[in-house]
Amino acid sequence: MVREIHARDIVTSIADALQYVSYYHPADFVQALKAAHQKESSAPARNALLQLLVNSKLSAQAQRPVCQDTGVAHVFFKLGMDVRIVAPERSSTPSLQALANEGVAQAYMFAENPLRASMIRDPLGQRKNTGDNTPAIVHVELVEGDRLEIIAVAKGGGGDVKARYAMLNPSDSIADWVVSQLPGMGAGWCPPGVLGLGVGGTPEQAMLMAKRALFAPIDIQSIRDKSAHDAVEKLRLEVFDRVNALGIGAQGLGGDSTILDVKIETAPSHAALLPVALMPNCAATRFISFSLDGSGPASFAPPDPSVWEGIPGAMPTTDGRRVNLDTLTHEEVRSWKAGELLLLSGKLLTGRDAAHKRMVDTLARGEALPVPLKNRAIYYVGPVDPVKGEAVGPAGPTTSTRMDKFMPVLLEQTGLLVSVGKAERGPVAIEAIKKAGAAYLVAVGGAAYLVSKAIESARILAYEDLGMEAIYEFVVRDMPVTVGVDARGQTIHWISSARTSRE
């Protein structure tokens, strides 16, 4: 018997699902973060884990995004062969791609909780933002049955950019290869998170399996508790233990929990080949699975508030050194040490890739910048639009290495003193920071709503046409950061420290 499912129910369900995951972490993920925080021995990593937990609680309460990168929308469909999609109000039945796009546009343009659009068209040309985060990334599988199974995902760019693929020999160790990849991935994917592995199939199958594997509950401890393990479970446990033994830790700050689980999907492959793909999911883990049977759109109940029991409603502000950004001096910056916790107050500039390129191009022409940078601090961020009287929407950091190539010019020619972002800096930036006697500070990736609570006001100073990438001036109070690179060139990041020692 054919089961009819209305197109409008698919659209509504996808839109509601993407709104839901923008502010509700999966309960199992929160519990895993709690466990990681309780056993963490590194003070900087423990502080970062606490920020992620506080952010999760505040985002759930306010129903505002956990991260400013509200993700590329992925929709995985499993369409039963006995399902017929109907759209009586339309002249023709739309495709699943069209329905997913409608759902994404509704979710990302929702006035009460607008989500930041990240998708661009014409990637080799003008790279203009589509404005509503469409198109969705759609995958369709035809299966037996009379249901439509859907996984709706908001996948941040920081995880996808760290994806890895290799064609191994059948006799090679998959675990060895995975462990070898982690140091080179840096911390831009915002650990702790989950690693997805796709093993077998063809190259494109392996990549898809690695991503799809991520969207399942965390259960590594239940696997460990079993008395017997198959090959997949043995590999999961080996990779989990060996990656965490590296000591990369939360946000790359050094610590015990780099990953919270390892997920693996496999497929048959050519006898001479062993395709392996690796895909990380970040601390802004956002996905939900649901089923449609023709009875109406899916409904999503809020998680039990007990998920966040024991998590404070704000970060303590008694431990860090207070810094007045309006009176920064070289002498004060030189007194900071890598790993030290600071609480920033005062006027903080913002700027990302596009703004940095414009500034460097302006300097190359011998022209003055629209905003003086001498003795100022600049924050790498592209915030979500504000609502309900907010000064700014969720405003977490973006990956700092993308700005590394601009650092020598800006530090030497403008007197810029401090930069703020997430993850490690590369050798070019570290050398420029050391030469200038400047500093790099780390905000926690995936704690965007918590950061926004420290921002009292925001105004655009330059490059308004760049939208979220414009230069803003934030006024912040007690914004928590960690000294990532101090004026002597010392770095807190495990990855950068290891790389520097090898060189």
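## Strand β19 and its partners

Strand β18 (residues 455-462) and β19 run antiparallel and are joined by six bridges. Within that pairing, A458 has F474 of β19 as its bridge partner. A quick word on terms: strands (E, at least two residues) and helices (H or I, at least four) are DSSP runs, numbered from the N terminus, and two strands count as paired if DSSP finds at least two bridges between them. Strands of a sheet pair through backbone hydrogen bonds, either parallel or antiparallel.

## What you're looking at

This is a predicted model, where local features need pLDDT of at least 70 and side-chain atom pairs count only at pLDDT 80 or more, while totals for chains, interfaces and linings use all residues. Residues are numbered from 1 along each chain as its sequence is written, and side-chain values use heavy atoms, with hydrogens and water left out.

## A four-stranded open sheet

Elsewhere, four strands form an open sheet with mixed pairing, in the order β6-β2-β7-β12. On average, neighbouring strands here are turned by 15 degrees against each other, direction ignored.

β2 (residues 72-80) pairs with β6 in the parallel sense over seven bridges, and V75 has V138 in β6 as its bridge partner. Helix α4 (residues 96-108) packs on this sheet, touching β2, β6 and β7 (148-155), and its direction makes about 140 degrees with that of β2. Contact here means heavy atoms within 4.5 Å; axes are lines fitted to C-alpha atoms, for helices over the stretch in contact, and angles run from 0 to 180 degrees between N-to-C directions.

## T258, tucked into a loop

T258 sits in the loop between α9 (231-245) and β10 (259-267). Its relative accessible area is 0%, so T258 is buried. Leaving aside neighbours within four places in sequence, T258 is in contact with several residues, including W189, P191, V243 and I248. G249 is another of those contacts, and its backbone nitrogen lies 2.8 Å from a polar atom of the T258 side chain.

Methods
Buried < 20%, exposed > 50% of the residue type's maximum accessible area, 1.4 Å probe, protein only. Polar contact = N/O pair within 3.5 Å; in protein donor to acceptor, adjacent residues only side chain to side chain.
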